[in-house]
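Have the structure open beside you as you read.

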Amino acid sequence: MRGQIARWAGSGSLVAVTDASRRASYGGMGHVVSDGRWGVHSGHSDQRDPGGPSKVLVIELRAVEFLLVDLGPDTRCAEILVDSSSAR
């Protein structure tokens, strides 16, 4: 799911945040942008995903990719905040 809160559109420089979570073979991710855009996604992870601590990094980076796809090539984002130190 994706959307935008119309009253926040065009609100100056952009700041975006992402977050992700994973448990066993199921995960979820989302993002919010200061111009009101948002997106969430959940589902079973890919069988090719690595195990161990790397699986958390993979889904955190997928959350950033999900954000960048939504922003599109013509959008410049001033700052992207992630809560995973390994994804920075």
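Predicted model: local features only at pLDDT ≥ 70, side-chain atom pairs only at ≥ 80, totals over all residues.

Another pair to find is Met29, which faces His41 across to strand 4. Both pairs belong to the pairing of strand 3 with strand 4 (residues 37–44), where the strands run antiparallel and are joined by 7 bridges.

Now turn to strand 2 (residues 15–23). Strand 2 runs antiparallel to strand 3 (residues 26–33), and 8 bridges join the two. Here Arg22 stands opposite Gly27 in strand 3.

As a reminder, strands of a sheet pair through backbone hydrogen bonds, in a parallel or an antiparallel way.

Each of these pairings has a hairpin with a residue at positive phi, as the table shows.

| Hairpin | Residues between the strands | Residue with positive phi | Phi |
|---|---|---|---|
| Strand 2 and strand 3 | 2 residues | Ala24 | near 55 degrees |
| Strand 3 and strand 4 | 3 residues | Gly36 | near 100 degrees |

What order do the strands take in the sheet? The 5 strands are arranged as 1-4-3-2-5 in an open sheet, and the pairing is mixed. Strand 1 (2–4) and strand 5 (79–82) stand at the edges; each has a single partner strand, so one side of each is left without a neighbour in the sheet. From one strand to the next, the twist averages 15 degrees.

Methods. Residues numbered from 1 in each chain as written. Heavy atoms only, no water. Pairing = 2+ DSSP bridges. Helix = DSSP H or I, 4+ residues; strand = E, 2+ residues; numbered from the N terminus. Axes fitted to C-alpha atoms, helices over the stretch in contact; angles between N-to-C directions.
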